[in-house]
Amino acid sequence: MKKYDNKIIFTGPVGAGKTTAIGAISDIPPITTDAAASDMTLNRKGYTTVALDYGVLNLDGKAKVHLYGTPGQERFDFMWDILSTGGIGLILLLDNSRPNPIKDMQFFLNAFKDMLRQAPVVIGVTKTDIKNTPTTESYARILEKVDMRPPIFEIDGRNRDDVKSLVMALLFSIDPGLEG
Amino acid sequence: MREQMLKSILSDLNGASADIEASAVISSDGLTMAAILPQDVDEDRVGAMAAAMLSLGERTARELARGDLEQVMVKGEYGYILMSHAGKDAVLTVIARKDSKLGLILLDAKRASKAISEIL
């Protein structure tokens, strides 16, 4: 296996668990840029990411994956551009307990469409314990209509194995020869 | 009411020096609380950028053992952008001309930050 030194991006709406997911799998203490929330986010949580999250995942001591998390609010969309530059893949986290997660999915896939021309995406659906619909099948059906077939998982963003399986799925779709 | 008081501080600040072109008070999560900005500038974007810069600056200062962040300064071809804390949860952003006397602007900004943090 050749040496990998690569960058993947975690994105998705506010509260989907991007900061938590990076915290769960990073092998270094993650860099976070949280600020006290004063917008609608307050209804969901007290803090929100304003610039980026950063962590590192070491695979087998050979492959090093740099993990970047974006802010969720649209007013930070300039950070989405900055962070996605050079990214080899995108992990989209969707919060099933939000009012319209399908629309969230379409919004974020559209916002990252330039990156997705060259890079694959994997979708992780969080908070399915709070609301179990839409199911992963319904997400998949909607994406099939626009000819997209990304891996979609139900995950718990706090669980290292769950998040790691997302990252591994993403790396496999980049390089099927990769051994985790 | 609060916005009005903030605005009056900003207009004093903008009036204090001909070098200061615009200023804004922004919550630390990037929402504009009060602003006196040129027409063609989008408040929301300025707010989000200032919050991101300040937050990154904070992390950088801490990571490199420079203690608590006091300010972030950006210098472009046409002038300066100065961001500093105004109390714990707000950011004062000052936009100044390129040949500004920086010392004076820093002083005015410091004074305004103090007044703002007293209101919030």
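How many residues does the contact take from chain A, and how many from chain B?

Author: The structure is a predicted model, in which local features need pLDDT of at least 70 and side-chain atom pairs count only at pLDDT 80 or more, while totals for chains, interfaces and linings use all residues. Residues are numbered from 1 along each chain as its sequence is written, and chains are lettered from A and ligands numbered from 1 in the order in which they are written.

The contact draws 14 residues from chain A and 15 residues from chain B; two residues are in contact if their C-beta atoms, placed from the backbone, lie within 7 Å. On the side of chain A that touches chain B, the elements giving two or more residues are β2 (34-36) and α2 (77-84) of chain A. Helices (H or I, at least four residues) and strands (E, at least two) are DSSP runs, numbered from the N terminus. That side of chain A comprises nine nonpolar, three polar and two charged residues. In this classification Ala, Val, Leu, Ile, Met, Phe, Trp, Tyr, Cys and Pro count as nonpolar, Asp, Glu, Lys and Arg as charged, and the others, Gly among them, as polar.

The C-alpha trace of chain B spans about 35 × 35 × 25 Å along its principal axes. A compact globule of 120 residues would have a radius of gyration near 14 Å, and the 13 Å of chain B agrees with this; the radius is taken over C-alpha atoms, and the globule rule is 2.2 Å times the number of residues to the power 0.38. Of the 120 residues of chain B, 38% count as buried. A residue is buried if 20 or more other C-beta atoms lie within 10 Å of its own, exposed if 12 or fewer, and partly exposed in between, with C-beta atoms placed from the backbone. Among contacts in chain B between residues at least 6 apart in sequence, 49% join residues at least 24 apart.

The loop between β7 (121-126) and α5 (136-145) of chain A holds Pro134(A), which a cis peptide bond with omega of about -5 degrees joins to Thr133(A). Lys127(A) is also found in the loop between β7 and α5; its phi is positive, near 60 degrees, although the residue is not glycine. Lys127(A) counts as buried because it has 21 C-beta neighbours inside 10 Å.
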